[in-house]
Amino acid sequence: MKKKSVYSYWFLVPMLVIYVVLFIIPIAISFFFSLTNWTFDGWSFCGIENFKTFFTEPSLYSSIGNTFIYAFLTSGLKVVLSFLIALFLTSGIKTKTFLRSVVFFPNLVSMIAVGLTFKAILNPTKGILNQFLGVLGIDGRDWLGDVSTALYSVIGVDVWKGLSIATVIFIAGIKSIDTTYIEAAKIDGANGWQLLKSIIFPLCRPAMNSVILLSLIGGLKSFDLIWAMTGGGPGYATDVIASVIYKQYAAGYYGLSTAGNVLMYAMIAVIAFPLQKFLLKAEEG
Amino acid sequence: MRKKMGAKIVAFGLSAVMLLGLTACSGSADSSNADNGEGSENELHEITLQVGSDSALAGLEEVCKLAESEIGIKVDIEYTVAGTDTDNLIKTRLSTGDLADVLVYSPGALLMTLNPSEHFIDLSEYDFVDKLDETYKSAVSDDNGVYGVPMGTTRAGAVMYNKNLYDELGLEVPKTWDEFLSNCDKIEAAGKNAIICTMGTSYTIQVPVLGDMYNVLADNPDFISEFEKGEVGFADIPEGVTSFQKLADTVPYYQDGYTAATYDDGCEMLVSGDYGHWIMLTSALTNISSLYSDNINDIGVFAIPGDDPENVGITAWMPNGLYGNKDSDKQEDIVKFLEFFVSEKAIETYLANDAVTGPLCVKGVEYPENTPEAVTNDMQSYYDSGKVSLAQEFLTQVKGSATTEVCSSLITGQYNVEQAAEAYDDDCWKQAEQLGIK
C-alpha cells in the first residue's frame, strides 16, 4: 500500500515561488546580460566580449590575490581567536555573561559604521591609535594610506567585527557537548590539555566547520568594509573582486560588471562546494 | 482531498483578484484627482528639482524661493548623494521614469552618457539659450538640441596659493613648471609645507593631471580628435606623459598624513598660511569664502605652468547645468523655470549667495561685488588673453572612470609615470567601448 505523506507538497509552494522569483530568475537574467553590452537605455548582444574585457582589467589579478589573502586570513584568524575566546567564556569565570555580551557587541553595529569609525581611528595624524602610540613613544604608520599595510589594517578590523558571531557559534558548540564525556575523562585522569585535545576539540567540529565555511565565504565576497575604509585604494592596493565589479557598475559598464559577477559566483562555488564536502566528510569520519 | 484543494486555490485566486481590483480602483481614483488639480490655473505650480550635493546650496535655494514669488512656480529641491553614486541614482531613475522635473548635473561627457536627446527637453527653439556663452552651450548640446542652462560660474583646475606666504618669502608667480618646483623648494626650506594633497577626498588628486590640458593641447592642437579615435594616447606624446610626471613631481612636497586629509582640511590648510599651494578646482573658493570669509583674498590662483614662459594658460571646467525632464507632464512650467534661472534677477540672486569661482557663462552679466580677487585679478587675465582650454571631459565623451585610481597608484608608487599614462589611456578607451561611444 502506498503510504500517504502527512504533509502536502503544496506547503513548499510559497517558498519555492519566492526562491524562483528572487533567486533563480535574477541569476538566469544576469547570465544573459553578462553576454550583452548593457547600458541603462538598452542592450546589444556581444557574446563573450565582456568576459575577455574583464580579464584585461588592470587590477584583476591583484584583486584576486587580495580576495584570497583577505578570505583565508580573516577566516583563519577568526577560527583560532574565537575558539580561544569561546573556551575562555565557557570556563568557570564569574563575569562570563557580561563578557559574552561584550564580545557580541561589535556584531550589533553595521559594517559601514564600523568601517567609518576605524577609518577615523586609523587616521595617520588625527587618529587616536597613532596618538596613543605616540604617547608610548612609538611612531605610528599611515595604516590605510600605505600600500603595504592597508589590506592588513582592513583585515584586522574585519576580524575584530567577525569574532563575535564565530565566538557565539563556538560557545554553542562547546556547550552542546554532553558533560558526561568530560566527567568520564576527568575520572580517567585527563588533564586540561588532554581534555581539550581529545574531547572538546573533536566534539565541536561541526561548530568549527560552520565558522570556517561562513567566514571564508563572507571573506570571498567581502565588500562593504573595504569600501567604507579604503574604497579599494590607495590605487588598487585593497581592491578585491567585489570592489572591482562595483566600480565597473558605478561607471555604467553594466554588462561588464554582470560578467564579473557571474565569474565571482563561479569562483565562490568552485571553492565553497568542495570545501563543504570535505568538511562534512571530516565531520562524519 | 483533491477537490478541496482545488476549491481552496479558486478561493485564493478570487481573493487575489479582488485585492488587485481594489488597488486598481484606488489607483484610478488618484490619477483623476491629479487631473482635477492641474486644471485650476490660479494655483501655485509645483515642480521638483534633483541635485546631488553633500551640502545645502544657498544660491540655488534663494533662486528657487525667488521663483515662487516672481513666476509662481514652487520648486521642491531634493538633495541626493554626491559623487559616482549620484550617477547610478540618476540612471536608475531615468530607466524607471522617476526622475525629478529638473535635474542638476554635469555638462559635457557625463551629460552625454545620459543620452540627452532621449530624456531631456530640447531648448534650442527658445530665445533665452542665445544668452548662453557659446562654449557652455556646446557642452550642453548634441546634434539634436540644446538641453541645459548653467548653475553658477565656471571653475578652473589650477594652482591655488597663499599670497601672504608668497609675499613673506618674496616669491613670484611661476611661469614654468621648473620655476614652480623651485618655489616649492624655497617654501620647504622656510619650514613650511609646499603642496597640499587631499587624498581623503579621492577625486581631488586628479586635478594636477586633468588641469594640465591647456599644456597638452598647446603643442598638440589635434590631440583630442586623435585620442577619440584611439590613435594617439597620453602615453604616446611627451606632453601627455608630462602631465603625469607633474603629478609625480608634486608628491615629495605633500604634507604629513596626506592620504587621509579631506577637501575641507585642504581649505583650512590653505588659508592657515603654513601651506603654499593646493592644485584644486577653484570651486574651493566657494567653501573658503563661506568658512573663512576674512581670508578669501589671501588666496591667489595661477594656471598649472608648462615649459614655455610665453604661453601659460588655464584649464577650465564648466558649471553644472539644469536640465528639464522630457517625460514630465509639466513641460511648460519647467521651461518657464529654466528661462527664469538665467534671467538677470535670478543670476544676481544666485551670485549674491554663492561665491564666484570663475568667469560667467551667461552673456552680459557683470561680476558681483563679493567676487574674490583670485577671480577678478588672477583668473580673468587668462580669459582676457584667450589662454584657456576646456578640461578633457568637456572636449570629448571619452573620459575614463578610474582616473582617481590611476593617480593614486602613481602617488603611492605602484605605477611609474609611463605606466600611469598608459593605464589612463586604456581606461578611457575601455569606457568608449563599454558605453558605445566609438
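This is a predicted model: local features need pLDDT of at least 70, side-chain atom pairs count only at pLDDT 80 or more; totals for chains, interfaces and linings use all residues.
**Chain B as a whole**

With chain B displayed as a cartoon, you are looking at 20 helices and 13 strands. Of its 438 residues, 46% count as buried, and among the contacts that join residues at least 6 apart in sequence, 78% link residues at least 24 apart.

**The largest core**

Now look for the largest nonpolar core, which has 119 residues, and select B:Ala158, B:Met160, B:Ile314 and B:Phe337, the residues with the most contacts inside it. This core draws at least three residues from each of domain 1 and domain 2 of chain B. Centre the view on B:Phe337, which, if neighbours within four places in sequence are left aside, is in contact with B:Ile47, B:Ala67, B:Ile73, B:Val75 and B:Val102. Apart from this core lies another, of 41 residues, among them A:Leu122, A:Ile155, A:Leu225 and A:Ala237.

**Helix H15 of chain B**

Staying with B:Phe337, select helix H15 (residues 331-341) of chain B, in which B:Phe337 is buried together with B:Asp333, B:Ile334, B:Leu338 and B:Phe341. On which side of H15(B) do these residues lie, and how wide an arc do they cover? They cover an arc of only 135 degrees around the axis, and therefore lie on the same side of H15(B). An α-helix has 3.6 residues a turn, so residues three or four places apart point the same way.

**A loop residue**

Move to the loop between helix H12 (238-250) and helix H13 (263-272) of chain B, where B:Pro252 is found. B:Pro252 counts as exposed because it has 12 C-beta neighbours inside 10 Å. A distance drawn from the C-alpha atom of B:Pro252 to that of B:Ala194, 58 residues away along the chain, comes to 9.4 Å.

**Where the chains meet**

Show both chains and select their contact, which takes 28 residues from chain B and 25 residues from chain A. On the chain B side, helix H3 (84-96), helix H19 (403-411) and helix H20 (417-434) each supply at least two residues, and H3(B) gives the most, with six residues. The residues of chain B on this side divide into six nonpolar, 16 polar and six charged.

**A hairpin in chain A**

For the last stop, select strand E1 (residues 36-39) and strand E2 (residues 42-45) of chain A, which run antiparallel and are joined by four bridges. E1(A) and E2(A) form a hairpin with two residues between them, and A:Thr39 stands opposite A:Gly42 in E2(A).

Terms used. Residues are numbered from 1 along each chain as its sequence is written. Chains are lettered from A and ligands numbered from 1 in the order in which they are written. A nonpolar core is a set of buried Ala, Val, Leu, Ile, Met, Phe, Trp, Tyr and Cys residues joined through C-beta atoms within 7 Å. A residue is buried if 20 or more other C-beta atoms lie within 10 Å of its own, exposed if 12 or fewer, and partly exposed in between; C-beta atoms are placed from the backbone. Domain bounds come from an automatic or database domain assignment. Two residues are in contact if their C-beta atoms, placed from the backbone, lie within 7 Å. The arc is that of the directions from the helix axis to the C-beta atoms. Two strands pair if DSSP finds at least two bridges between them. Ala, Val, Leu, Ile, Met, Phe, Trp, Tyr, Cys and Pro count as nonpolar, Asp, Glu, Lys and Arg as charged, and the others, Gly among them, as polar.
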